[in-house]
2 protein chains.
Amino acid sequence: MKKYGFGVDIGGTTCKIGLFEAAGQVVDKWEIPTDKREAGKNILPDIAASLQQKMAEKSIPSEAIEGIGIGIPGPVDGNGMVSMCVNLGWKNMDVPQEMQSLMGGIPVKAGNDANVAALGEMWQGGGKGCQDLVMVTLGTGVGGGIIIHGQIVAGANGAGGEIGHITVNPHESIACNCGRKGCLEQYASATGIARLAKERLAQEHRKSLLDQMEEISAKSVFDAYKQQDQTAGEIVEKFARILGNALSNIACVADPEVFVIGGGVSKAGMPLLEAVEKYYKRAAFSSCADTKFALASLGNDAGIYGGVKMVLE
Amino acid sequence: MKKYGFGVDIGGTTCKIGLFEAAGQVVDKWEIPTDKREAGKNILPDIAASLQQKMAEKSIPSEAIEGIGIGIPGPVDGNGMVSMCVNLGWKNMDVPQEMQSLMGGIPVKAGNDANVAALGEMWQGGGKGCQDLVMVTLGTGVGGGIIIHGQIVAGANGAGGEIGHITVNPHESIACNCGRKGCLEQYASATGIARLAKERLAQEHRKSLLDQMEEISAKSVFDAYKQQDQTAGEIVEKFARILGNALSNIACVADPEVFVIGGGVSKAGMPLLEAVEKYYKRAAFSSCADTKFALASLGNDAGIYGGVKMVLE
């Protein structure tokens with residue numbers, strides 16, 4: 001194993017980059033803007049230039065770099081191929097090949113950002129010490145990453161771990177962003193929780209802390225929940241039941257050691273985790289009833305950790 | 001790679017055994033009875049004696065055997081440990097260690113029989129050429145096996161691929177064998193299809209081929225379906241919708257290249273496959289809508305093929 005590796009997490013606005021020692025310590029981390037103009041053709045060259053600049057600055061030769069692992073905000077197949085990435089404007093991009101030729105042959109791997117973040121949390125975060133893990137990212141949407149035998153499940157179509165699009169309510173009338181109806185994401189994302197709250201408040205006669213809020217968000221719901229607000233409690237219970245039930249079904253497929261919950265909504269912390277775990281236990285197949293739950297701990301750095309881990313395996 | 005390997009599939013009544021060449025050809029296959037007396041303590045010694053006899057008969061020395069792979073009818077963890085196997089009477093059985101010591105040190109692996117059968121179908125059956133596969137076994141119950149990157153997903157609790165216990169109907173009033181309510185197995189197994197049929201016939205006024213049957217079974221439903229019987233058609237559509245929807249959710253987790261459908265019910269053949277695939281496509285997340293469907297092709301031999309494949313990796 002060589003001494004260093006790079007982890008790169010490409011986002012729609014910025015690319016996060018980390019220089020790591022092979023054992024897992026961050027040597028340096030920084031960000032560069034993501035230039036999405038002209039179908040994103042400058043993104044990889046910009047990253048390559050930034051990596052080379054850092055190597056020059058620290059006098060690190062190419063020979064000391066084990067590889068570069070890159071997270072992409074869209075579907076990526078098991079070979080790092082991106083057929084379409086709406087967030088970056090890419091079509092048919094062979095990320096490892098492009099980047100490797102920009103970096104003079106240093107090995108490159110690429111994966112979907114949610115999957116890569118899951119690998120990061122397995123390596124140095126909330127799932128440390130586990131080899132089989134399901135990460136659930138509760139943000140604007142619901143993302144997921146499945147790690148089996150310590151490796152990302154990219155899926156045959158780059159849709160491995162797309163757990164936000166499990167159908168949890170076949171009777172839903174409103175469409176999900178994906179065009180289908182009743183996806184987990186419609187109930188368990190920040191947007192989904194705010195929607196559950198608005199629906200509940202519209203038919204609520206009791207007083208609630210949420211009445212005074214100008215804008216109802218997932219955060220305001222969890223804040224009120226922590227203050228024992230009854231209406232907020234019912235909203236959280238509904239969210240937790242839907243998510244806990246969905247995770248119990250995922251356990252009948254992947255049977256992970258741990259569910260790691262991350263994303264903005266997870267800032268609600270232990271009360272959220274406990275509510276979801278309660279419903280999970282009720283719904284779970286007996287063999288899996290004791291699966292652990294943990295909060296993600298790497299925050300926005302999960303992607304760079306997972307990125308470098310891909311090439312340090 | 002040595003020249004030979006053994007695949008063993010332990011069932012409640014008989015143990016199927018296959019002697020294979022490493023490239024995949026069956027040299028010989030046979031069965032011995034499963035002796036479940038005294039907490040199944042004779043099962044592994046009986047198998048070992050049978051293997052040794054076969055080796056003597058064919059003049060095959062231990063040094064020519066790559067290993068022995070064994071399928072067990074119950075949960076098995078990633079190391080081949082069985083904490084409890086009701087079907088054989090076993091408790092806390094370290095199958096690889098026990099068998100290895102009976103066989104003079106030949107390497108042994110063990111896995112759950114449905115998972116091992118999935119590996120067999122990947123190697124030489126309906127999923128040949130694929131590395132990511134979900135096998136669905138529609139028998140008395142609904143079993144499953146998940147293969148990712150060519151390897152069995154045993155799961156942290158030996159429950160990987162227990163897809164028969166995905167909850168598909170939270171409003172079910174009748175209990176599944178597992179004690180929970182609304183499991184896939186209650187609708188998509190042979191027993192489940194017969195139940196759907198009986199429920200449908202109880203409220204049916206139209207004439208149906210099924211009226212004359214003494215005993216309604218999954219087979220009789222599919223036979224009537226193939227003769228364009230309308231009532232049977234509606235029963236099959238309901239079964240196919242429930243199974244197709246469940247598989248679309250599994251695809252959001254594991255995103256396999258192919259779903260391989262096996263077990264007794266799958267003898268209904270292409271009409272069954274087409275009905276399930278139709279509902280799968282309707283429900284699937286767009287990236288996974290074109291996942292292939294195939295019939296299992298190894299029948300009762302899938303277990304011995306998968307068994308030996310475990311040790312030939």
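Domain bounds here come from an automatic or database domain assignment. On that basis, chain A of this predicted model splits into domain 1 (4–121 + 301–312) and domain 2 (128–297). The C-alpha centres of domain 1 and domain 2 of chain A sit 29 Å apart.

As for how the two domains of chain A meet, 13 residues from domain 1 and 18 residues from domain 2 take part in the contact; two residues count as in contact if their C-beta atoms, placed from the backbone, lie within 7 Å. On the domain 1 side, strand E7 (108–112) and helix H4 (113–124) of chain A each put in at least two residues, with helices (H or I, at least four residues) and strands (E, at least two) being DSSP runs numbered from the N terminus. H4(A) gives the largest share of that side, six residues. By class, the domain 1 side has seven nonpolar, four polar and two charged residues. Ala, Val, Leu, Ile, Met, Phe, Trp, Tyr, Cys and Pro count as nonpolar, Asp, Glu, Lys and Arg as charged, and the others, Gly among them, as polar.

Turning to the chains, the contact between them draws 36 residues from chain B and 36 residues from chain A. On the chain B side, strand E9 (142–148) and helix H8 (230–254) of chain B each supply at least two residues, and the largest share, eight residues, belongs to H8(B). This side of chain B comprises 18 nonpolar, 14 polar and four charged residues.

Residues are numbered from 1 along each chain as its sequence is written, and chains are lettered from A in the order in which they are written. In this predicted model, local features need pLDDT of at least 70 and side-chain atom pairs count only at pLDDT 80 or more, while totals for chains, interfaces and linings use all residues.
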